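I opened my notebook to look up a few things in this structure.

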Amino acid sequence: MSIKVTEQGRNFYLETLNTMYQLKADEYGVVKHIWYGAKTGCDMEYLFDFPDVGFSGNIYDAGNTKEYSLDTLPLEYSCGGIGDYRLSAAAVTHADGSNALDLRFEGYEIKKGKYSIYGMPAVYADEDEAETLEIRLKDTASDIYVILKYGVLESKDIITRSAVFVNEGQKPVKITKAFSLCLDIPQGDWEWVHFHGRHTMERTVERRPLIHGIQESSSDRGTSSHQQNPTVILCSKDCTETSGECIGAALVYSGSFQTKIELTQLNQIRLIAGINCDGFGWELKAKEEFYTPEVILSYSCVGFEKLSHNFHNVIKNNICRGKYKLAERPVLINNWEATYFDFDSERIESIAREASRLGVDMFVLDDGWFGKRDSDTSGLGDWFVNENKLKGGLNQLVEKVKSYGMSFGIWLEPEMVSEDSELYRKHPDWAIKIPNRKPMRGRYQLVLDITRKDVRDYLFEVISGVLKSADITYVKWDMNRSISDWYSAKLPAENMGEIRHRYVLGLYELLDRLTSAFPNVLFEGCSGGGGRFDAGILYYCPQIWCSDDTDAYERTKIQYGTSFFYPVSTIGSHVSTVPNHQTGRKTPIETRAITAMSGSFGYELDLNTLNNEEKAAVTEQIKRFKEYGPLIHNGKYYRLSNPLADNYAIWSFVSEDCSEALVHGMIFHTEPNMLRYSVKLRGLAPEKEYVIDGGEKVYTGRALMEGGILLPKSWGDFFPVEIHLKEYRAVK
Ligand code: DGJ
């Protein structure tokens, strides 16, 4: 049993293999957050001794006890309007216009298995893998209930949280804030790590001390965004990859979100995460429920590496779904950087033919195959083949590609519409825009109002039609702008605050329908690269195109940041041409391949343009990826350097039984007369003996971890590193 209850059902311990989460309802029914950290086997409330703090008021029920203040106590789900002046997780406006919410403990329930969330992605688990705790809270002065849900995945060191708002009253209320997570950390000296960036430079790691007041990472773009990722880590000042405490939180949500951290007057920390409440307002009618998205939590007392392993494990096994969740992914060739919009059947066939000759498994036809789509100014929404480019239609091309021994994938951008399109001419009202205002255009395009069922039904039919028209086994689902001008003709004016969240719910419904109707199709998420790289999308698409930056050097930084939460199998990564189209940089083809192999591997260039030596290298790389693929995707991933600080990017994969390891990466710049770098490996068995492929020297795991492994002598810039080790006994 991972959930233990004491003190007549008021003191709750959620225990996982290495962690403990404790909450307790006190004599006033206030639910206090007691602990999230190491598994201590002890009620941790002994650490609480709060002073009377001036201007921190006291609840009425506490009488003259001035030490009891909602403004200083660690709380499980803090609400606004009742004297806790820190960040609050929830707020409602009642029928009388007041907006206080005073949630007190009403009861609890423990259930086998993991709860799910209606209409939204969430961690799923077998009945015996997880337990659910539901804490029922009620507002003292209304019939608003909030049910806090906790999923405990004991063996994975994972706790999930989400909240359900229920209106048991007679009148509607307006929810103006409904965060998924409120987490108080009453002690310690903590920093925060977040993942910021921009288009072609996503998920750059930034670690900062906390300042008093509020720090935030958020998106108001309608997507989880390139600029901030909906993941955050709080860590002790001394936290490293392998030591120190850290808590990670990943939102399972693909829309506008907020993660806020407050360092309070008493140096306590509060973290809240959930739907962005700016502009948010949800009418909760009598007897209705509102579900917040899920947040996944994990704690590690041995640094970031273990935290990442916990997230990789749960995302790979309990978020990703379907046929491809653990399957080896096809090595693909994508024509985007090879042709952009400028192609016809002949060009496509020649790219596919050569790719197949060199060993590639799948051809992916990117943007430009449909409607009047010769540039990005037109055609979106017209999901029928452009026969000027693809003579004979899609099916003929697909069959041709199949005759080369390859499968076929296709690009779609279902949520968008170009003004210059048949769809827009027929249904201008389907685009999100405010009457009497000129909408902002992003990449010349507008966004379809998928909060509307008729629009979603249309998209389901038209996309199903494309997928049935030929033997298509992969879809790249793109989304190429941030959303603005929020308005829907189908929503009453007073409920327009629902539109951002309804957009995300509409997206999830559409993805759910399509992925269920086409279970054999591998869906890849994309938003101008990694602009919607989040655990919500991964529930439908087990891989996401990581970034439109295909420069191998830059990619080491982007993939480094991405790796803190997301497993390698989810990271779409391709070898592209040089000079690179985003940076003009030239890197060796071997270096590009090694970087791209740390993901769902593919090529994105016209392989016909390579010389024979490079072509031979491609064949060899694909062979190696097929050999190492299971280790790369199923092994444990180790960040062995920090590419933002070091002169090299080195990472490794180690098999579960520690019998095999693959060290990958690159040395950025070579200097004359430089010593060879040595890098300490991790995750090996200290007592096991290892040999490097092609070598004779036998190393103990302890030597490789304590003394390190010598990187090759580099020559030139961006020098590739690949070292494959096997347990000595296994090869004797
Ligand atoms: C953005 C994607 O990230 C690219 O890979 C490509 O598919 C383009 N869109 C096509 O418009």
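**Strands and barrel**

I looked up β22 (residues 362–365) and β23 (residues 407–412): they run parallel and are joined by 4 bridges. Helices (H or I, at least four residues) and strands (E, at least two) are DSSP runs, numbered from the N terminus. Two strands pair if DSSP finds at least two bridges between them. F363 has F408 as its bridge partner in β23.

I noted that this is a predicted model, where local features need pLDDT of at least 70, side-chain atom pairs count only at pLDDT 80 or more, and totals for chains, interfaces and linings use all residues. Residues are numbered from 1 along each chain as its sequence is written, and side-chain values use heavy atoms, with hydrogens and water left out.

Next I traced the barrel. It is closed by 8 strands in the order β21-β22-β23-β26-β27-β28-β29-β30, with parallel pairing. Neighbouring strands of this sheet are turned by 30 degrees against each other on average, direction ignored. Axes are lines fitted to C-alpha atoms, for helices over the stretch in contact, and angles run from 0 to 180 degrees between N-to-C directions.

Contact means heavy atoms within 4.5 Å. Helix α9 (residues 552–562) lies across β28 (543–545) and β29 (571–576), at about 170 degrees to β29.

**Pocket and cavities**

I used a 1 Å grid over the protein atoms alone: a cavity is a set of points where a 1.4 Å probe fits but cannot get out, and a pocket is an open set with protein on both sides within 12 Å along at least five of seven lines. Lining residues have an atom within 4 Å of a point. Points are joined across faces, edges and corners, and a volume is the space filled by probe spheres set on them.

The largest pocket holds about 680 Å³ of space. It has 29 lining residues, and Y118, G119, M120, R502 and L505 are the closest to its centre. Which element gives the largest share of this lining? It is α7, with 7 residues.

I also counted 9 cavities of 30 Å³ or more. The largest cavity has about 150 Å³ of space. Of its 15 lining residues, V30, L75, Y77, S78 and L103 are the closest to the centre.

The second largest cavity has about 70 Å³. Its lining includes T556, Y637 and W651. α9, β31 (636–639) and β32 (648–654) each give two or more residues to this lining.
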